[in-house]
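Please read the following note with the sequence and the structure open beside it. The points below are arranged by topic and may be checked one at a time.

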Amino acid sequence: MPGGNRRRILTGASTRKIAVDLAPLRTSRDFRTLFAARTISVFGIGFLVVALPIQVYQLTDSTTMVATVATVIGISAFAGTLIGGPAADHYDRRAVIVSSRAAATLGFALLGVNAMLPEPRLWIILLCAVIDGLTGGISETALVAAMPGLVPHDKLAAGAALMALTADLGQMAAPALAGLLIAWLDVAANYWLAAAAGLVTTVLIARLSRMTAERGHNESPLRAALSGFRFVAGHRIVGATLLVGCVTMLLSGWNVLIPEYVTEVLHGGETTAGLLFAAPAVGAVIGSLTSGWTGSIRRGGQVIFAATLISAAGIAGAGLAGATVAVFTGLAAHGAGRVVSDIARFAVVQAHTPDAFRGRVSGLWTAQLTIALSMGAVVAGLVSNAVPTRAVFLIYGAGGCLLTVALWCLLTTLRTLDNRETAPRTLTPPRPPTAE
């Protein structure tokens, strides 16, 4: 074979190994449908999350009320994850997603109607915030639980990367388009667009095949949730993987630090702040698009620790030079490390979770993501109050690095995990006790 042809073949093979793996989209009709539905849903919700705070501030002139609505959504979403986990293990997961997205669509439409009133009502916005949070938590939990049934075991990482890509692209594009739409029309247009996206999402999900857990539980919702906690606490791989996710959760408050850092250290304005807010999403998209290699990793635990360490080191690096380029680069590295860690953790958790517990474990996974911003903001605020502004990113990220190293030393089972070993998911799980 001529040398030029050999080089081209090897280059093509390397590119395919690095580029995001599209096999789940090619081989599974149900996954294609789910991917399309989630993409449309993410963009629709992107329009909503911009319109909601703008309208609340227009009505109240109060940042506190804007924060209150955001808190209501967060608390409701957390409650939704606790409800969605047991529901996804007891009922048809497709039906759980369809019913929750249909309810969310009605909530979006109600926001649109309210925005068109001569005097929009704040209590309606708060009611819709509860509906949005609850339905979002329930549907996301059921969706995470359903996905492993749509792709082969060795393509779990690829599926997770594709789903992460939709979220990160939505975070980059939808808010900017939403701002333009509000400037052109008003917030009502954003709500109606979100409702239309919700309707399309609901119809697409309804076309999926039934997705019932292999061995559904007969427990009460409370006992089912407690069984899920006991399973995670007693499983040395699943529990350890979720524990490492706490580092990502605590580092999610980076955005709280940007306004003061831009003003006091970078001496920039809104344009600089906007650029830095987008940096982690840029890194995450790059990480997702180059995630093809994650499907062939043997040491999943090592990848989780390495990616989490890169994520923390990126934040620390953002504060080293005190320059906009350095902060952007560091935050982009944080986003890339985070998304690779998420992909690897998702694959490990789902591979080692029996289907009968997958909804409840997915509920804990989603709950961790739901409270990440709030917990991260609290930790970042404490760091900001304790150290000079110039050192805040460095100290915040360094703390994440130290915590990651400590967990690497403690969690031996996850650190030495070999994906070639038989995963516990292949074993028949014990049937949960019947509720009394």
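1. This note concerns a predicted model. V113 belongs to helix α5.

2. V113 also takes part in a nonpolar surface patch of about 610 Å². The patch is formed by V113 together with L110, M116, W123, L127 and W192. Two helices, α5 (93–115) and α6 (122–146), each contribute at least two residues to the nonpolar patch.

3. Helix α6 also holds T141. Is T141 buried or exposed? T141 is buried, because its relative accessibility is 0% and the limit for a buried residue is under 20%.

4. A polar atom of the T141 side chain lies 2.8 Å from the backbone oxygen of G137. Leaving aside residues up to four places away in sequence, T141 touches T81, G84, G85, G359, S362, G363 and T366.

5. The cysteines are a separate matter. How many disulfides does the model contain? The count is zero, where a disulfide would require a pair of cysteine sulfur atoms within 2.5 Å. C128 is buried, with a relative accessible area of 3%. C401 has a relative accessibility of 17% and therefore also counts as buried, since the limit is under 20%.

Technical notes
Residues numbered from 1 in each chain as written. Predicted model: local features only at pLDDT ≥ 70, side-chain atom pairs only at ≥ 80, totals over all residues. Heavy atoms only, no water. Patch = residues over 30% accessible without salt bridge, like charges linked within 9 Å, V, L, I, M, F, W, Y side chains within 5 Å. Areas by Shrake-Rupley, 256 points an atom, 1.4 Å probe, with all protein chains shown as cover. Salt bridge = Lys/Arg side-chain N within 4 Å of Asp/Glu carboxyl O. Helix = DSSP H or I, 4+ residues; strand = E, 2+ residues; numbered from the N terminus. Buried < 20%, exposed > 50% of the residue type's maximum accessible area, 1.4 Å probe, protein only. Polar contact = N/O pair within 3.5 Å; in protein donor to acceptor, adjacent residues only side chain to side chain. Contact = heavy atoms within 4.5 Å.
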